[in-house]
Amino acid sequence: MTIAATIIATQMPPAPLVRHRRQAAHPALVAAALLVAAVALIPAGFVIWVLIQSGWDTASAMIFRPRVGEIFLATVLLQALAVPLSVLLAVVLAWLTERSDLPFRGLWRWLAVAPLAIPAFVMAYAWDSTLPMLRGLWPAVGISVLAYFPLVYLPVIAQLRRLDPAAEDVAATLGHSPARVFVTVVLPQLRLAILGGGLLIAMHLLAEYGLFVLIRYDTLTVAIVNQFQAVYDGPAANLMGIVLVACAAGLLALEAWLRGDRRYARVGSGAARVAPLARLGKSAPLWMVLPILVSLLAVGLPLATLTRWLWIGGTAALHLDQLLPALGQSAFYAVLGALFVTLAALPIAWLSARAPGPLQRALENVHLHVGALPGVIVALALVAISIRVALPLYQTVATMLIAYVLLFLPRAVVSIRASIAQVPLELQQAATALGRSPFRAALGTTLRLAFPGIAAGMSLVAMGIVTELTATLMLSPIGTETLATQFWSRTGEFDHMGAAPFAIAMVVLSIPLCIILHRQATHTR
Amino acid sequence: MSVLSIRGLAKRYGATQALADFDLDVAGGSRVAIVGPSGSGKTTLLRLIAGFESPDAGEIKLDGQTLATAEAGVPAHRRNVGLVMQEGALFPHLSILDNIRFGITDRADGEAEALKLMDLVELDRAMANRSPHQLSGGQQQRVALARALARKPRLMLLDEPFSALDTELREQLRRATADILSRANVATILVTHDRDEAMGFADQLVVLRNGRLAQAGVPRALYLAPADEGVASFLGAAIVLDAEVSDGHAATMLGNLPLAAAHQAPGRARVLVRPEQLQLAHAGEGGAWRLVSALCVGPTAHVTVAGPAETTISFDTTTVGLPEPGRPVVLSVSGPAHRFA
C-alpha cells in the first residue's frame, strides 16, 4: 500500500485549559429562558392582581350576578354538548378511515382534516349568511362540532397508526369479536389521544369569540369582549375574566382526573405491520353517508357559500384596494410574530431537549401554562399593563406582537423541542470532536437538522396569527386592517359580499396548515 | 513513550461511582481495548478523554500536555482526539465527501485529502457524492473512520464501532480497522463489551469492573493468567477447581496438574483450567467420570460430565469421537493450570 503513513499526528500548540462548567445548561440560555418565562407570567400575574385589587366585596358583587350565572351556564352547557359529540364523530370517522374498508378512505381522511383550514368564525359566517334563522344553543353546538372535531380526529388517527396490531390479533385468538376487540383493546389505547384532543376542543370553545357572536350565543368570552369594547380596562370585564380562567383551570383538572396515572406503553417494538381492515360488506353505502354528510356540512357548505358571495359580488366586491393592504398587514404580523415566537421558544426548547433538569422543567411549565389561558385574558392583561406601567406600548405593534408570542408560545415550544430532541446528540458531539466550537457544532448539526421541524412549527404559528380574531380585535393599533379585522367589520355590517374575499384569503392561507397536520398525523415515525 | 497518560481518574454521577482511581498509559501507535460489562465505566472513560465530561479527580495528559484535571480542561473541540461512535454518527445532511472533510480546516486541498482518505479506508471514490443513508452499516463506519482520521488526530477513540453490524461483517471490519490504524500509526483506544472483539483488536487489554481497573496487559497473558475468577470468566469459559499444591503440582479432581514456576508455594488454592485443555475419552467400567449429556451443534458439543462426590462440569468439546451419553469417560488435562493469587 502506497498510501501508508500519509497520516502523521500533528504537533499542535498546547490548547489552554478552561474551567469546567458543572451545569450542562449554558447560563446565557437559562437567562434567556428566564426572561421569556417572566413575560409568560404577565397574564397570570394580571389575574392575581385583579383579584387582590378589587377585593372580595367588589369581586363577589360583580361575579355572583344572575347575568354572569346565566352566561356561565350557557358556556358549560355548550362544552358539555359539543365536546362529547365532537369526540364521538371524530372516533367514528377515524375508525372508518383507518380501520374499515370504506371506499375512498384517503379522500375522506383529507376532508376530515379540511375543516381546520376554515376558521370557526368563517364557518359561522357561511352558515349564518345562508340560514340566518340559526340562533342559540343547538346551532352553536353544531357549528362548533363541525369546526373543531378534527382536533380529536388527528391525534386519534395518529395513535391508531402507532398501535401494535399484534395485540388485536391476540385478542381475536382469545375469542373476542372484532367489535369487542375495538372496544376492549383499541379504544383504551386511544384514551390519551381522545382526552388530549377533547381538552384542546374545550379550550378552543372557551376562547372562541367570532363563531358565537355570529350565531348569537352568549358565552363568557363573548360577554367579556363586549364589556371590554364598551368600557376599556373596566373591572367588570376583568372580573369575568377571572371566571373564565377558573373555567380553564376546571377543564385542565377534569382532563387530568380523567386521564389518571395510567399509561399505555407498548411492550416491545412490535410488528411493523398494518392492521387488518374491518369488512363493511353490504353496509358500506350506509356508512358512507357519515363522511359525505360531514364533508358537505363542514367543508362543502362554507366553500359553496363563499364562492356564491364572491360570484354575486363580482370583481367590484373584491375590494382589491383593501384586500391587498390587509393581506400585507396580515403577512407582516404573521411573519414577524412567528419569528418572535420561535426566538422566544428556542432557549427553553433547547434546554429541555438537551439539558433537562428540575429548573428547566419548571421553566418549561411556565412557558406552557399560557396555552391554557384564553386569548381574551392575554389581551386584557396586556391592555391593563400597558395602560398602567408602559403607556408608550399601548395600542402598538409591539403589544400586538407580545400578545401573539404569548398566545402561540406553547405550540412553538412543543414543536421546536420535539425537532431538537429528534437529532441525535452524537452528531453534535462528533462535530465537536472534529474541531467545531460548541456553538458552531450546535448550529451546524442540531439546529440545521431540526430546521424543517422548526420551520413547520413557524408556519403553524404564522397561520394561527392570520386567523386570530379575538386578541387582534382587542389589541390592534388604530388603523390596523388585517384580513381578520376587515372580515369582521364587514360581517358586523351584514356586508356578506364584501366579507367573502377576506374569508377566502384566510381559507387559502390556512390550507398549508391542513397539509402539515395531515402529514404529521399520518407519517408516524 | 506513552502518548496518553491517565492518573487517578474518578467520575461520579449522583450516587454512582462511574470511575474510580483509574490509571492508564497508552504507547504511541498502540491499540488498547477497554473491555467490561455494561455499567463498568468504559463509556465514561471515553467521554472523559474526548472532553464531553469533566473528571471529579485525577488527570489526563496527551503528549505531555494536560487535557483535563478536576478543575479545568481543554474544551472538546480543541483536543484533536478522533472519535468513532457506535452507529457512525454521520451527518445525514452532508454527502460522504463533505462528511469526511468536515474536520479539515485547510479548505484548499480538502477534497483531494478526503479522496485519499476514502482510498485508505477502502471506500470506492464513486461513493463520494452519495448520502450516508445510501451506504451499508459497514461502509458508514469506514466513512466515520476516515472523517476522524482527516484531522490527523493524536489519539483515536472507538466507541463500540462494530456492535451495530452483523457477526461476519463485524470481524471483517475489525481487522480492516486495526490494519488502517496501524498504517496511520495512530494510538487507539477501543471500548467494547465484546471480549472476542477486544482480544482480536488490541495489543493491550484493559478489563474494567465497577468503575475500577480489574486487570491490564497483553490479551493472551490475561486470558491464560487472569488476576481473579471474575476476570477469568469474563474473558472466556472457565473451569475453576479447588486444589492442594505441593511439589509444583496442584492436586485436583481432574488429577495432578502442573503449575507455572511463580505459583508453586504449597498449600490450599483455587486453580483455573480452560475448557480447551480438557480431553474426553472412552473408559472401561472403572472410569471416575460419566458423560451425562451431550448437545451437539455441528463441530462442537456442549457436554456435561458427572464425577466423584456429585460434581458436574459442563464445557464445549469437539464432536469427533464423542462417547455415548451415560457411558463412563476419562477426563484428561493438557498444559498447566493457572493458580489464582
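Let me start in chain B, at the end of a sheet. β15(B) and β21(B) run antiparallel, and two bridges join them. Within that pairing, B:Leu272 stands opposite B:His338 of β21(B). One thing to keep in mind throughout: this is a predicted model.

Now the rest of that sheet. What order do its strands take? It reads β14-β13-β12-β15-β21 in chain B. The sheet is open, it has five strands, and the pairing is antiparallel. Which strands stand at the edges? They are β14 (255-258) and β21 (338-339) of chain B. Each has a single partner strand, so one side of each is left without a neighbour in the sheet.

β15(B) covers residues 267-273 and pairs with β12(B) in the antiparallel sense, over seven bridges. Here B:Glu244 has B:Arg268 of β15(B) as its bridge partner. Then comes β12 with β13. Strand β12(B), residues 239-246, is joined to strand β13(B), residues 249-252, by three bridges. Those two also run antiparallel. B:Ser246 has its bridge partner in β13(B), and that partner is B:His249.

Take β17 and β18. Strand β17(B) spans residues 289-297 and strand β18(B) spans residues 300-306. They pair antiparallel over seven bridges. B:Val297 is bridged to B:Thr300 of β18(B). The two strands form a hairpin, with two residues between them. Look at the turn: B:Gly298 has a positive phi of about 60 degrees.

β18(B) then pairs again. Seven bridges join β18(B) to strand β19(B), residues 312-318, and the two run antiparallel. How many residues lie between β18(B) and β19(B) in their hairpin? Five. In that turn, B:Ala309 has a positive phi of about 55 degrees.

Over to chain A. Its secondary structure comes to 23 helices and one strand. What about overall dimensions? The C-alpha atoms fill a box of roughly 90 × 70 × 55 Å along the principal axes. The radius of gyration of chain A is 26 Å. A compact globule of 525 residues would have one near 24 Å, so the value for chain A agrees.

Two helix pairs are worth a look. Two packed helices are described by the angle between their axes and the distance between the axes. So I will give both.

First pair: α3 and α14. Helix α3(A) runs over residues 66-99, and helix α14(A) over residues 284-313. Their axes come within 11 Å and cross at roughly 120 degrees. α3(A) and α14(A) are therefore oblique to each other. The crossing is left-handed. Which residues meet? From α3(A), A:Leu89, A:Val92, A:Leu93 and A:Leu96. From α14(A), A:Trp287, A:Leu290, A:Pro291 and A:Val294. By class, that contact has eight nonpolar residues, no polar ones and no charged ones.

Helix α1(A) is residues 27-40, and helix α16(A) is residues 358-369. The axes come within 8 Å and cross at roughly 40 degrees. This crossing is left-handed. α1(A) brings A:Ala33, A:Leu34, A:Val36, A:Ala37 and A:Ala40. α16(A) brings A:Leu363, A:Val366 and A:His367. The class count is seven nonpolar, one polar and no charged.

Last topic: the interface. How many residues of each chain are in contact with the other? For chain A the number is 31, and for chain B it is 38. On the chain A side, the elements that give two or more residues are β1 (18-19), α19 (425-433) and α20 (438-466). α19(A) gives the largest share, six residues. The chain A side divides into 19 nonpolar, eight polar and four charged residues.

Note on methods
Residues numbered from 1 in each chain as written. Chains lettered and ligands numbered in written order. Predicted model: local features only at pLDDT ≥ 70, side-chain atom pairs only at ≥ 80, totals over all residues. Contact = placed C-beta atoms within 7 Å. Helix = DSSP H or I, 4+ residues; strand = E, 2+ residues; numbered from the N terminus. Nonpolar A, V, L, I, M, F, W, Y, C, P; charged D, E, K, R; others polar. Axes fitted to C-alpha atoms, helices over the stretch in contact; angles between N-to-C directions. Parallel < 35°, antiparallel > 145°, perpendicular 65-115°, else oblique. Left-handed = near helix turned anticlockwise from the far one by under 90°. Rg over C-alpha atoms; globule rule 2.2 N^0.38 Å. Pairing = 2+ DSSP bridges.
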